[in-house]
Amino acid sequence: ASAAATPAAPRPAAAEAAAPAPVNPAGSLARVFDALPRLDDLSPALLERLQRLQAPLRRLAQTDPRLLADATHPVRGVLQGALGIGLSLGADCATEQADCRKLLNTLDTLAGDRSPGREPYARALPVLEALRETRCRAAETLAEQAIPLAERAERREHSLLQATHLINRLSTADTPGAVRSFLARTWLPLLARLHYNHGDGHPQWRSCAELADRLLRSAHPPTDPHGRSRWVGSLPALVRELNQGLTALGMDEAARAAALAPCMDLHAALLTGRPAPDFPAPAAEAAMLSAPVGANGLRLLNHGGYSGTAIGNHPAATAGPGAWLAVNLADGDSLRGCVAWTGATQRVVILAAPDQPRVLVVTRRALAELAARGDCRLLDAGGWLERLIRDTADRGAL
């Protein structure tokens, strides 16, 4: 289980506010504290401080039975806030680290407070919230240096997606692998560059989109004599114009010939009535990680070519500003950072790790790819606590 620094507990819905008091709040508390050691992202020092609260909370539950069931209760807010900050710090956080020391001191003060009822927790809650906000602001400050790169990356990601959508929209299930591979591997960069520089209303974009469509249709020659004659006559012009596009990409003659060879073999087979040569359809490319740049190790993780366009609904890939993520990168590096910036189209985010300090500019597609293989997690303290309380209620402990 994992979790993230989140604001103070959300306001309950009207139905939740009107719900009856829990029958056995001690059972709910016991289940929460039994589950804490399974949160691998908590430091031993924080876990020990939290465990100290179990006995006083058990006593409080005897007179205040909704201390966990009520989403606005300061006890629930303190647990969620402390867990969120602790998870953002990580299991290896040194007790001497400034924010870790503030968190531990706050919990020490709380454990030693003998004021009645919920008052100690009501006093601790704004302290934790201020610490959470301070950490988020530190991440935002660290992220500022990366915003220009992130804005360019978002614009590039948008153009790459538009080019990919065009190819996918034009292609059909019976599009030969040779044509699909050429468009995805070779023509896509040209389409993306034109869209980045000029947008989809520019004549060059429309011309290259039309060429892609003509190439796709050339793989399905008409069967009637007149149509077939026109098809044969159109092939030299099509190849010539495709070569012109590849020249604009900076490809020399040998590279152009190699890129077009599978399509030329396909046309040759269609002209002579031979079976079309077998050619694999393009496989999606994985996101690529740049080398670290600058004093704070700024890195970029994005797709450079043809890949899937769906993000999916994984919470790590769709996390908004203020959420914390734990990311394992392909080179063995790792990052525990806050979503400190999101672009206008929401396709790129900046993860800033003020404790390291490190910065990662990453597309949401890349986050989804990492999450799918278990290398990206949302550190969601509020969600973890809510699920545990709900599960306890379902088991009849409340």
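A residue is called buried when its relative accessible area is under 20%. The views below show a predicted model.

**View 1. Serine 171 in the loop between helix H8 and H9.** The relative accessible area of serine 171 is 10%, so this residue counts as buried. A polar atom of the serine 171 side chain lies 2.7 Å from the backbone oxygen of isoleucine 167. Apart from neighbours within four places in sequence, serine 171 is in contact with Arg180 and Leu216.

**View 2. The packing of helix H9 (residues 177-198) and helix H10 (residues 203-218).** The two axes come within 9 Å and cross at roughly 170 degrees. H9 and H10 are therefore roughly antiparallel to each other, since angles over 145 degrees are classed in this way. Residues that make the contact include Phe182, Trp187 and Leu191 of H9 and Trp205, Cys208 and Leu215 of H10.

**View 3. Arginine 256 in helix H12 (residues 253-272).** Arginine 256 is buried yet has no salt bridge. The nearest side chain of opposite charge belongs to glutamate 253, 5.1 Å away; a salt bridge would require a nitrogen-to-oxygen distance within 4 Å. The side chain of arginine 256 does form a polar contact of 3.1 Å with the side chain of asparagine 243. Not counting residues up to four places away in sequence, arginine 256 touches Asn243, Leu246, Thr247 and Met251.

**View 4. The salt bridge between aspartate 41 and arginine 336.** The closest N and O atoms of this pair are 2.9 Å apart, and both residues are buried. Aspartate 41 lies in the loop between helix H2 and helix H3, and arginine 336 in strand S4, so the pair ties together parts that are 295 residues apart in sequence.

**View 5. The salt bridge between arginine 390 and glutamate 386.** The N to O distance in this salt bridge is 3.3 Å. The two residues are separated by about one helical turn because they are 4 residues apart in helix H14 (residues 381-394). Arginine 390 is partly exposed, at 42% relative accessibility, and glutamate 386 is partly exposed as well, at 26%.

**View 6. Threonine 309 in the loop between strand S2 and strand S3.** Threonine 309 has a relative accessibility of 26% and therefore counts as partly exposed. The C-alpha atoms of threonine 309 and histidine 165 are separated by 7.8 Å, although these residues are 144 residues apart along the chain. Leaving aside neighbours within four places in sequence, threonine 309 is in contact with Leu161, Thr164, His165 and Arg365.

How values were computed: Residues are numbered from 1 along each chain as its sequence is written. This is a predicted model: local features need pLDDT of at least 70, side-chain atom pairs count only at pLDDT 80 or more; totals for chains, interfaces and linings use all residues. Side-chain values use heavy atoms; hydrogens and water are left out. Buried means under 20% relative accessible area, exposed over 50%, partly exposed in between (1.4 Å probe, protein chains only). Lys and Arg count as positive and Asp and Glu as negative; His and the chain ends are not counted. A polar contact is a pair of N or O atoms within 3.5 Å; within protein, one must be able to donate a hydrogen and the other to accept it, and residues adjacent in sequence count only if both atoms are side-chain atoms. Contact means heavy atoms within 4.5 Å. Axes are lines fitted to C-alpha atoms, for helices over the stretch in contact, and angles run from 0 to 180 degrees between N-to-C directions. Angles under 35 degrees count as roughly parallel, over 145 as roughly antiparallel, 65 to 115 as roughly perpendicular and the rest as oblique.
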